[in-house]
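Let's walk through this structure together, from its inside to its charged pairs. Keep the 3D view open as you read.

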Amino acid sequence: MIVNCYNFSSSRPDKLSWGHIKCIIKNKVCLKNIISITNTYFDLGYWSSHFKISSTIVIPKPNKSSYDSLKLFRPIVLLNTLGKLIKKVVGERLQFQVVKNNFIHHSQLGGLKFKSTANVGIALTHFICTGWIKNLLISTLAFNIAQFFPSLNHHLLSLILGKADFDLKVVKFFAYYLVNRKTSYFWNNFSSCLFDVNEGVDQGSALSPILSALYIFHHFSIFLKNI
């Protein structure tokens with residue numbers, strides 16, 4: 001799962017790199033303790049405040065004539081590495097569960113493992129060719145949802161997780177996981193104090209793609225029922 005993670009990635013709030021984590025989990029006692037901690041989080045419906053703290057690095061986009069607009073900068077969110085490991089594992093389990101119980105439609109291609117832009121191209125080509133066979137005129141509507149991750153409603157997301165037949169412990173865990181997150185901003189030599197970031201889900205988190213996929217599918221299901 002983490003074998004392809006770059007060993008010397010940017011410094012995280014916990015100062016641990018993926019190289020450190022790879023060495024740690026080779027020790028069976030350490031790995032067992034990490035698993036025990038993760039299970040305890042779910043048993044208690046709790047997520048440590050240590051893992052809710054991130055660093056946001058503000059980077060100017062290259063080759064711009066001026067930098068007088070926020071759109072000309074790109075924020076990169078750095079999360080605690082051990083927390084990222086746990087979230088990678090939890091994300092894998094979430095995907096397995098929702099696919100197993102058919103809660104996500106087979107046409108959902110974003111935010112899921114083993115799905116890529118190649119799958120989108122194949123599906124789109126199939127729909128176009130099928131329409132041509134039926135002598136239909138085909139058009140495609142594409143749109144980008146700006147700031148989608150930060151716009152996810154926490155209460156609705158908890159309801160969706162419950163509807164997906166997850167154990168109540170899982171729903172309670174995510175209700176706590178989503179709130180009381182904080183970040184500090186870094187720009188050149190400037191560093192800020194901690195700010196609350198309690199909207200939506202984390203940028204850069206391994207859990208955000210599957211949570212957003214569940215969110216999208218819920219709205220898509222409502223749309224289909226109203227057609």
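Throughout, buried means under 20% relative accessible area, exposed over 50%, and partly exposed in between, with a 1.4 Å probe and protein chains only. This is a predicted model, in which local features need pLDDT of at least 70 and side-chain atom pairs count only at pLDDT 80 or more, while totals for chains, interfaces and linings use all residues. Residues are numbered from 1 along each chain as its sequence is written, and side-chain values use heavy atoms, with hydrogens and water left out.

Let's begin with the core. A nonpolar core is a set of buried Ala, Val, Leu, Ile, Met, Phe, Trp, Tyr and Cys residues joined through side-chain atoms within 4.5 Å. The largest one here has 39 residues, and L94, F166, F174, Y177, L211 and L214 have the most contacts inside it. Two or more residues come from each of α1 (18–26), α2 (28–44), α3 (81–100), α5 (154–163), α6 (168–177) and α7 (208–225). The biggest share, six residues, is given by α7. Helices here are DSSP runs of H or I with at least four residues, strands are runs of E with at least two, and both are numbered from the N terminus. In soluble globular proteins, nonpolar side chains tend to be buried together.

Leaving aside neighbours within four places in sequence, F166 is in contact (heavy atoms within 4.5 Å) with L94, Q97, V98, L161, V171 and L214.

Next, the aromatic rings. Rings of Phe, Tyr and Trp (its six-membered ring) pair if their centres lie within 6.5 Å; planes under 30 degrees apart count as stacked, over 60 as edge-to-face and the rest as tilted. The whole structure holds 16 such pairs. In one of them, Y67 and F73 are tilted, at 5.6 Å centre to centre and 55° between the planes. Y67 counts as partly exposed because its relative accessibility is 36%, whereas F73, at 16%, is buried. F174 and Y177 make an edge-to-face pair, with 5.6 Å between centres and 80° between planes. These two sit about one helical turn apart because they are three residues apart in helix α6, and both are buried. F174 and Y177 also belong to one aromatic cluster with Y41, F42, Y46, W47, F51, F173 and Y176.

Finally, look at the charges. A salt bridge is a side-chain nitrogen of Lys or Arg within 4 Å of a carboxyl oxygen of Asp or Glu, and the structure holds four. K87 pairs with D202, their closest N and O atoms being 3.9 Å apart. Since K87 lies in helix α3 and D202 in the loop between β5 (195–196) and α7, this pair ties together parts 115 residues apart in sequence. D202 also meets R181, at 2.7 Å from N to O. R181 lies in the loop between α6 and β3 (182–187), 21 residues from D202. K87 is buried at 3% relative accessible area, R181 at 4% and D202 at 12%.

Another salt bridge joins K182 and D196 at 2.6 Å, N to O. K182 is in strand β3 and D196 in strand β5, so the pair ties together parts 14 residues apart in sequence. Here K182 is partly exposed at 31%, and D196 is exposed at 52%.
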